[in-house]
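This report is meant for a reader who is meeting the structure for the first time. Please keep the sequence and the model in view while reading.

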Amino acid sequence: MSTSGQQQFRYTQTPSKVLHLRNLPWDCSDEELVELCKPFGKIVNTKCNVGANRNQAFVEFADLNQAINMVSYYASSSEPAQVRGKTVYIQYSNRNEIVNNKSPGDVPGNVLLVTIEGVEAGDVSIDVIHLVFSAFGFVQKIATFEKAAGFQALIQFSDVGTASAAREALDGRSIPKYLLPEHVNHCHLRISYSAHTDLNIKFQSHRSRDYTNPYLPVNPTAMEGVLQPVVGPDGKKKEPESNVLFASLENMQYAVTVDVLNTVFSAFGTVQKIAIFEKNGQTQALIQYPDVTIAAAAKDALEGHCIYDGGYCKLHLSYSRHTDLNVQAYSDKSRDYTVPESSLLAMQQASAVHATPPVWHNPQSGPVQSSAGYATTGTVPGQAPPAWNPNLQGGGSTFPSAPTGYPGHSYAPPAPAYATAVHPPGSSQQTNHISTGSRPFSVSQPFQPSTMPPGGVPPPGHAPYHG
């Protein structure tokens, strides 16, 4: 009986000449199983490395009594069955024979499924993977991805023999440490065969390569220095920089529109595109700059700060994997500032034409008092239409203006705390400033988080937004 208190045997099952063994080392070999079981009889078949963790196995004896002898021995022994110091739990299997000794991952093929243990995505580049496996033959294609099992790769060889040679040599081995970042202590390869025979690689990138097609399009993220993992002086992986910032906002007491974000982020340089969206109940946005330098300056200055005083609409910024956003040129949730203003004006006019409802004129109608206090007169037979009065045309719309607040609120939100101010013409210097609610700081000077007030309340007369 195991000292851990876990029952080592299952007595309620019908005896079988096939035994089920659990808690084995994940890379336990057939030889180790035979060594454990051969004192009790002849082993005719084994099946190793089964289960989600590859720590289970089946052993088939030539005779039923031999399997019973093994179960009975360890049931009465004070010493449990062990492999490499690990206690092995034994029970009868519900099968009478091992029909197939090979799982789908053991059927030889020309594509290998490689699980790289002990690393995160980006720690091992696709070039390092190619260098390791090309030592056994020509590598045609590589695709890397992340699954529940960890960082994995599919590696395609030209034939089954080359793939088998690579698997036999590298399964359970480690990638040489000089090929890995300093913060990676160990890196083990767990290799099986894939059911794929020909990988479909759509473009060259830092996650996929097709070495048989030099004319395949190149994804911008495959360029040198873009979105590639960078290790800092402290050995920790730095966030790869990008010209597109990903912003998530918390404590949304006021609505944040495209215009508000443009006001905040354009203080650091030209904003090309903005997209706002909701995900998991949180407001998020993507802001695109023309280059990485401007995006990095904006991220360093704005990270952790609030758009409105009182800690409202707090910004959390990181770099996005996008490099060029595909957004609608002009909408409530997106804006493309690279589109000429003439095009935007044409779109606005077109939308205004479609939005104008048709008006039916009743020739018998009489004067109607408008909301603006003057009369509108219908056309009466035999009477000339009223003369055009420029004062009425310029005096304002007959419709009440749209409220600037939000549903259920009487007041509009305060202006963003990050408001740009430019010196008047004729002054000796023009420098953009961003107000933090306490005092402005110059964009040309390093931003000090201490200048941000600890909190406050919205300006008088402004109600929070509880959208």
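Helices (H or I, at least four residues) and strands (E, at least two) are DSSP runs, numbered from the N terminus. The model is a predicted one, in which local features need pLDDT of at least 70 and side-chain atom pairs count only at pLDDT 80 or more, while totals for chains, interfaces and linings use all residues. Residues are numbered from 1 along each chain as its sequence is written, and side-chain values use heavy atoms, with hydrogens and water left out.

**Confidence**

The predictor's confidence in each residue is given as pLDDT, on a scale from 0 to 100. The protein chain averages a pLDDT of 74, and 64% of the residues score at least 70. Confidence is lowest in strand β24 (residues 440–442), where the mean is 39, and highest in α5, at 93. Over residues 1–11 the pLDDT is below 50, and this stretch has 29 contacts in the model beyond near neighbours in sequence, a contact being heavy atoms within 4.5 Å.

Asn49 is found in strand β2 (residues 43–50), and it has a positive phi of about 55 degrees although it is not a glycine. As background, most residues other than glycine have a negative phi. Asn49 counts as partly exposed at 24% relative accessibility, where buried means under 20% relative accessible area, exposed over 50%, and partly exposed in between (1.4 Å probe, protein chains only).

Ala57, in strand β3 (residues 56–61), is buried, with a relative accessible area of 1%. Leaving aside residues up to four places away in sequence, Ala57 touches several others, among them Leu19, His20, Lys47 and Cys48. The C-alpha atoms of Ala57 and His20 are separated by 6.1 Å, although these residues are 37 residues apart along the chain.

**Salt bridges**

A search of the whole structure finds 9 salt bridges, each being a side-chain nitrogen of Lys or Arg within 4 Å of a carboxyl oxygen of Asp or Glu. The table gives some of them.

| Pair | Closest N and O atoms |
|---|---|
| Glu32 and Arg84 | 2.8 Å |
| Lys38 and Glu35 | 3.3 Å |

Glu32 lies in helix α1 (residues 30–37) and Arg84 in the loop between β4 and β5, so their pair ties together parts that are 52 residues apart in sequence. Arg84 also has a positive phi of about 55 degrees although it is not a glycine. Glu117 is in strand β7 (residues 111–117) and Arg190 in strand β10 (residues 188–193), and this pair links parts of the chain 73 residues apart. Of these two, Glu117 counts as partly exposed at 23% relative accessibility, whereas Arg190 is buried, with a relative accessible area of 17%. Salt bridges that share partners join Asp27, Glu32 and Arg84 into one network.

**Helix α6 and a cysteine**

Helix α6 (residues 292–302) has buried residues that include Ile294, Ala298 and Leu302, and what covers its buried residues includes β14 (244–250), α5 (258–265) and β18 (312–319). Just after α6, Gly304 takes a positive phi of about 85 degrees.

With a disulfide taken as a pair of cysteine sulfur atoms within 2.5 Å, the count comes to 0 disulfides. Cys306 is in no disulfide, and the nearest cysteine sulfur, that of Cys313, is 8.1 Å away. Cys306 is buried, with a relative accessible area of 9%.
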